[in-house]
Amino acid sequence: MKKGQQNMPTHKPVKYSHLITVLHRCGRRITKELFLKRVQDLTPEGHEPFPWTVDQFLEANRETILKCRQGKDLKRKLFPGYARQTNVDYWDLTTFCFLLFNVCDLRPAVRQDINCLRQLRNKLVHLGGGDVTDQKYQTYLDTMKGVLNRCTNELDKPELMAELENVIAESMQTVQVADVEEDEEELKQWYMEEQKFHVGIEIAQDGQDIDEVKATLLNFQMKFEENEMSTKMDLSFTIGIRVIGMNRQAEEVLSAAQQCSASGKVPFERSSARTISIGIERIKEDVRQMGPDVESDSKGSVMFKFTCFSVTSLIYLVDYFTGATMQRRVQDITKAIEDMVDDMVALQIYIPPTIYQEVIKKLEKIYTSDEACRLQFKQQIRNRKVFNDPIYGQIELHPLCVKIIDTPQFQRLRYIKQLETVYLVYPGASHNRFEHSIGVCHLAGKLLRVLKERQPELDITTKDILCVEIAALCHDLGQGPFSHVFEHKFIPAVIPDTEWKHEKASVKMFDYMLRDNDGKLHEYVRQMIPGFEERDIEFIRELIYVPFDLNAEVWPCRGRNKNKSFLYEVVANRVNGIDVDRWDYIARDSLMLGMKTTFEHNRLIQHARVLMAEGRRQICYRDKAAQDLYDMFYARMTLYRRAYQHKTHNIIGMMIRDALIAANDDISFHGENGNRLRMSDTIHDMKAYTHLTDDILQKIQRSSKRGLEKSRAIINRILYREFYKCITQTQVDVKQKGWIKRTAVQENLFNKIKQKRTDLTDLSEIVEIDVVNLDYGSKDKDPVTKVWFFKKGQEDTAIRINKEQVSFVLPDTFAEQYVRVYSSVTDSRLFDIIEQSFSEWCKENDIPQPKGLSIHQGKSPV
C-alpha cells in the first residue's frame with residue numbers, strides 16, 4: 001500500500017479523492033485570483049487608494065448583485081454589514097463563481113474555462129465517491145491542468161501555475177480522509193447552490209417583473225369591466241421553456257423530446273427521455289383544461305402558442321406558468337435532462353418580448369377605441385382609490401381593497417365605535433372601526449414596501465403585500481357592538497366558559513364576505529391577486545388570527561413558509577406586540593381624544609429590518625430606536641389609564657352589558673338558513689352578525705316590545721347620565737403584591753359588607769368589583785426584552801438590549817392594578833359600609849388606602 005493510502009476509506013478510492021482535492025483547492029485559488037484581478041481592473045480611474053477594496057467593489061455593484069435572481073444565501077453573506085471588512089480568505093468556490101458570472105463581465109474564453117470546472121465538479125459529484133478508471137482519471141486531470149494554465153496566463157502569473165502544479169503533485173501523496181471529506185462537502189455545496197431550481201419570467205432585457213405583467217393585465221381587465229366593455233377577444237400568446245446557458249446538448253435533448261411529444265411518439269428506450277416527453281404533454285393538457293387552444297413547436301426550446309378568448313383566461317394562463325404545479329413539471333423535466341447530459345441544467349420559462357408587446361398594444365387599441373369609455377374610466381380611477389385620512393392624509397388603496405370596503409360586511413364597521421362608549425366621556429372620541437381598519441391597511445403596505453426596497457433578498461412580492469393589506473383591512477370585521485364590552489362582558493355572561501374571540505369572528509366574517517353576493521368578491525380575489533393560489537386565502541386568514549406559536553420547532557402556518565415568517569408580525573404581532581394595528585390606534589385615538597403623544601411610528605418604519613433570530617426571520621429595529629419603543633408602550637398604557645379604562649367609561653360599559661343581557665332573549669336576527677337567532681347566537685352566523693352593530697341600543701329604545709322594559713330603563717339611565725356609581729378605588733403595586741384576582745377581592749369584601757348590613761339583598765346584583773390591569777403590554781415584564789435589535793455596521797446580527805443600555809430613568813415597574821367598587825343603586829348607607837369594608841381590606845392586605853372623598857358626597861364622575 002502506497003504512502004497516503006493507509007488512511008483512505010475503502011469507499012473513496014485514491015484517484016477520486018485526489019481529483020476532489022485538486023478541483024476544490026486549485027479551483028478555489030484560481031477563481032479567487034480571477035475575482036481579485038477583476039476588482040483591480042474595474043477600479044475607476046483616479047480612485048485613491050488604488051485599487052478598490054473588495055468592500056468598495058461590492059458596495060459599488062450592490063444593486064447589480066441584489067437583482068440577481070439566484071443566490072439568496074450568498075447575497076446575505078456578501079452584505080452582512082456595509083461597514084464591516086469582507087474577508088475573501090474565507091470565501092468559497094460558490095461565492096467566487098457567483099460574482100465572476102454575475103458581476104465581473106469575464107471574457108468568453110475564461111467563462112468557458114470556469115464552466116469546465118463546473119462540468120468536472122458535476123461528474124465527480126455524480127460519482128458519489130465511486131471509482132475512476134485510469135483513462136478518465138488522466139483525462140480529468142489533463143482538463144484541469146489546461147484550465148489552470150489558461151487562467152494563470154490570463155492573470156499573467158506564471159509563478160501561480162507553478163504553485164498549483166505543486167498542489168497537484170503533493171496532494172496525491174498527502175491527501176487525508178478528513179481533508180477529502182471537507183473538500184467533497186464544499187464541492188457538493190457549490191453544486192447544490194447552483195442546482196436550486198428557479199422559474200423565471202423574462203419579458204425583456206430589463207427584466208420586467210412578472211408581478212408588473214400581471215398588474216398590467218389586471219388593469220386592462222378592470223378597465224373593460226368598469227366601463228361595461230366586452231372582455232371577449234382573441235389574444236394570441238406564446239410562452240416557452242428554454243435552456244439557460246451554453247449547454248447545446250441539453251437544448252438538443254429538449255428539442256428531441258418536444259418533437260416526440262408533438263408526433264405522439266413517447267420514447268420508452270430510456271426513462272429520462274420518456275419523463276421529458278410526458279412532462280411536456282402534461283403541461284399541454286393542463287393548459288387545455290383551462291380553455292385556450294394549444295399549439296407547440298420546437299426551435300431549440302419548447303414553445304407553447306395559445307389562443308385566449310379574454311383577458312381573464314390570459315391571466316389564468318400566466319398564473320399557471322408561474323404557479324407551483326408548473327414548477328413541479330419543469331423540475332421533473334430538468335432532472336431528467338440532467339440525467340441524460342450528465343451535467344447541471346437550468347431551464348427558464350419566458351415570454352418573447354415581441355409577443356408581450358403585441359398583446360399590450362392590442363389591448364390598448366381595443367380600450368382607447370372608445371374615447372368616452374376611456375374618459376369615464378379616468379374619472380373613476382381618480383375617485384375610486386383615494387381616501388383622505390386625518391392622520392396620514394391622502395391614502396391610495398389597491399382596487400381589490402376598495403372592492404372589500406364596498407361590501408356590507410365592511411361597511412358595518414362604520415356603525416361600531418372604535419372606543420366603545422368613551423365618546424360619552426370624551427366627546428371627540430366618536431371615530432369608528434371603519435377608518436381605523438383603513439389606516440391599518442395603509443400602514444401595513446407602507447411598512448412592507450419599505451422592507452422590500454431596503455432588503456430585496458427577502459423576496460417580498462406584490463402578492464405578499466396585497467395579502468397583508470387585505471388582512472389588515474379585515475382584522476376587525478368580527479368586532480361586536482361596543483367592541484370589548486360585547487366580547488369581554490356580554491358574551492362571557494350569557495355563554496359562560498366560551499372561547500369566542502373577535503379575531504375568530506373576523507375570519508368567519510371574511511369567509512362569509514367571500515361567498516356572499518354570489519361569490520363575486522371571491523372571483524375578484526382570484527383575478528386581482530397576482531399569481532393567485534388558494535393558499536393565499538389561508539394566508540389572509542392566518543394573518544387575521546394567528547393562533548400559532550411562530551417559534552414552534554415545526555412551522556405551523558400553511559399560507560407562507562418559514563422563510564417569510566416575518567409577515568406574520570405585521571398586522572397582529574403576538575411575539576412582542578409591535579404591529580401596525582397598535583401604531584394606528586395609538587395615533588388615531590390620541591388625536592381624537594385630544595391627547596398628545598411623543599411616539600412616532602414613522603421612525604420605527606425607517607429603522608426596521610428583517611434578520612434571522614431564534615431560527616427564523618423576524619422584524620428587528622435599530623438599537624437607537626429602543627427609546628421609541630418605550631415611548632410606544634408608555635403611550636399605550638397612558639391611553640388605557642386615561643381613556644380605555646376610565647372609570648366612567650367602564651361604568652357605562654357595565655350598564656350596556658346589563659341592557660344587552662336583559663334584551664338577549666327578546667331581540668332576534670335572521671341567519672343564513674332563515675332562522676331567527678338571539679343576539680348572543682349571532683356570533684355563530686355571520687349573516688345575522690352583519691346586522692348587529694352599536695345601533696342595537698337605539699333599536700331597543702325605540703321598540704315597544706314586551707320583555708324589553710328592563711333593558712330600555714337601563715338605556716334611559718345612560719341617556720340621562722344617571723350612571724352606576726364608583727364608590728371607591730385604590731391602586732396595587734403588582735411588583736410588590738403580585739396580581740390580584742377579582743374573585744378573591746369579591747369574596748373577601750362581600751363577607752365584610754354582609755357582616756355590617758341587615759339588608760338581605762343579593763350583593764352580586766347591586767355591587768360589582770372591577771380589577772383593572774394597566775401595563776406596558778407584557779404584564780409585569782419589560783416588553784422591550786422581547787424585541788430584537790441590530791447595530792450600525794452589524795446590520796446582519798440580531799441582538800437584545802436591556803433598559804439600562806437605553807436610559808437610567810426608565811421605570812422599574814411595568815404594571816399596576818386598579819381595584820374599583822361599583823354600585824348600580826344609590827344608597828348612602830350602603831356606600832358608607834362599602835367604603836369602610838374596602839378600607840379594612842386594603843389595610844389587611846397592605847394596600848394603599850383609597851384617596852379622595854366619597855363619590856356620593858359629590859357629583860357623578862364624568
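Before I show the first pair of helices, let me say that helices here are DSSP runs of H or I with at least four residues, that strands are runs of E with at least two, and that both are numbered from the N terminus. Axes are lines fitted to C-alpha atoms, for helices over the stretch in contact, and angles run from 0 to 180 degrees between N-to-C directions. What we are looking at is a predicted model, in which local features need pLDDT of at least 70 and side-chain atom pairs count only at pLDDT 80 or more, while totals for chains, interfaces and linings use all residues. Residues are numbered from 1 along each chain as its sequence is written, and side-chain values use heavy atoms, with hydrogens and water left out.

Two packed helices are described by the angle between their axes and the distance between the axes. Take helix α21, residues 484–494, and helix α28, residues 647–663, whose axes come within 10 Å and cross at roughly 40 degrees. Because of that angle, α21 is oblique to α28, where under 35 degrees would count as roughly parallel, over 145 as roughly antiparallel, 65 to 115 as roughly perpendicular, and the rest as oblique. The crossing of α21 and α28 is right-handed, a word used when the near helix is turned clockwise from the far one by less than a right angle, with anticlockwise giving left-handed. Contact means heavy atoms within 4.5 Å, and here α21 brings Val 485, Lys 489, Phe 490, Ala 493 and Val 494, while α28 brings Gly 653, Met 654, Ile 656, Arg 657, Leu 660 and Ile 661. These residues divide into eight nonpolar, one polar and two charged, if we count Ala, Val, Leu, Ile, Met, Phe, Trp, Tyr, Cys and Pro as nonpolar, Asp, Glu, Lys and Arg as charged, and the others, Gly among them, as polar.

Next come helix α13, residues 311–321, and helix α23, residues 520–528, which pack at about 60 degrees with their axes 10 Å apart, and this angle makes α13 oblique to α23. Thr 312, Ile 315 and Tyr 316 of α13 meet Glu 523, Arg 526 and Gln 527 of α23, a set with two nonpolar, two polar and two charged residues.

Helix α5, residues 93–102, packs against helix α6, residues 108–127, at an angle of about 145 degrees, and their axes are 11 Å apart. The crossing of α5 and α6 is left-handed. In this contact, Cys 97, Leu 100 and Phe 101 come from α5, and Arg 111, Ile 114, Asn 115 and Arg 118 come from α6.

Let me turn to the backbone. Glu 614, in the loop between β8 (608–613) and β9, has a phi near 55 degrees, which is positive although the residue is not glycine. Asp 846 is another non-glycine residue with a positive phi, of about 55 degrees, and lies in the segment after α35 (828–844).

Finally, the cavities. A cavity is a set of points on a 1 Å grid over the protein atoms alone where a 1.4 Å probe fits but cannot get out, and the count comes to two cavities of 30 Å³ or more, volume being the space filled by probe spheres set on the points, joined across faces, edges and corners.

Terms used. 1 Å grid on protein atoms, 1.4 Å probe; cavity = no way out; pocket = protein on both sides within 12 Å on 5 of 7 lines; lining within 4 Å.
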